[in-house]
Amino acid sequence: SEKQSLSLISRIISNYMGRKLAYDRIAHKIELMKSKDEVTGLLKYDKFKEVAQSILNQNNPGIQYAIVSTDFAHFKYFNEVYGFRKGDEVLCEFANLVAKYNPRTVAACRDYADNFLVMVMAKSAEELLNNIIHYNKTFMANQNERFMDSKLELCSGAYIITNPEAGIVQALDNANTARKILKEKSKTGVLMFEPSMRVNRMRELAILHMLEEAIGNSEFKLYLQPKWSLETGKIVGAEGLARWEKQNGEIVAPGEFIPPLEKSGKIVKLDFYMYEKVLRQQRKWLNVGFPVVPISV
């Protein structure tokens, strides 16, 4: 009876242990899927933020950290020409370069697509800049040798964390801001973040946010710059100009609102709004018998 009971208990324990081991393996796989990028093996964004923040919280004396945000120019073209498998190989090679072979790297992730975030130790802005340039050039030299028609280039934004208490999210935003500014200028290389960039960026975002309301309130006015005939002294045409006059009387200079609208593509909404303004004005002139001249917009 005791042997039978012991045998039964053994089978129950064995079955339980088997299930527990299987569950642990599954839980480990799930944790890896949640924290590791399946293509490069780097950390995923949320896990990277967690790890990077914990490093900042350690407050290691004498050690300064920086965030580098990098993505590829012309990567869609590369995938179309060489295929997605080769594209994944290139991403893995870049991940190895910045994470495994750079002794200054303390954490790295693939944020999305071909965008990477790396936390590195940095003694100074100059050293950080030289380090990024070195690794980017090394990578590009290798890829251009393998794929001569790839047209791949790297675009990096960098930020040295001078105030760890501000948190990792602000550091990531600053590095990304520098990268985006560089890329919007259709340039490659490295750009260090400066505080003025955030101010300008917030101003641009505010302008984009206010566009719909400004159009709805008819805050964009039509100004006409006449074209004169030097022979007759008469007006023979005009150029229609957009001027932004807010309801509170503030005037926004064209140099402030036109560039961000062009970069975002929202300039098209203003284009058609101004077309409508010009056409309505010409209709008014026709209705009262005024001569109508060509207006360029």
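Predicted model: local features only at pLDDT ≥ 70, side-chain atom pairs only at ≥ 80, totals over all residues.

Reply: Happy to! In helix H3, residues 75–82, the buried residues are Phe75, Phe78 and Asn79. Around the axis they span an arc of only 95°, so they sit on the same side of H3.

What lies over the buried residues of H3? The cover includes strand S1 (65–73) and helix H4 (84–99). Just after H3 comes glycine 83, with a positive phi of about 95°.

Now for the rings. The model has 16 aromatic pairs. One of them joins phenylalanine 78 to phenylalanine 147 edge-to-face, with 5.0 Å centre to centre and 90° between the planes. This pair links distant parts of the chain, since phenylalanine 78 belongs to H3 while phenylalanine 147 lies in the loop between helix H5 (125–146) and strand S4 (153–160), 69 residues apart. Both of these phenylalanines are buried, and phenylalanine 147 counts as such because its relative accessibility is 6%.

Tyrosine 82 pairs with phenylalanine 147 too: their ring centres are 4.9 Å apart and their planes at 65°, so this pair is edge-to-face. Tyrosine 82 itself is partly exposed, with a relative accessible area of 26%.

Taking the ring pairs together, they link Phe72, Phe75, Phe78, Tyr82, Phe94, Phe116, Phe139 and Phe147 into a cluster.

Methods. Residues numbered from 1 in each chain as written. Heavy atoms only, no water. Buried < 20%, exposed > 50% of the residue type's maximum accessible area, 1.4 Å probe, protein only. Helix = DSSP H or I, 4+ residues; strand = E, 2+ residues; numbered from the N terminus. Arc of directions from axis to C-beta. Contact = heavy atoms within 4.5 Å. Phe/Tyr/Trp six-rings, centres within 6.5 Å; stacked < 30°, edge-to-face > 60°.
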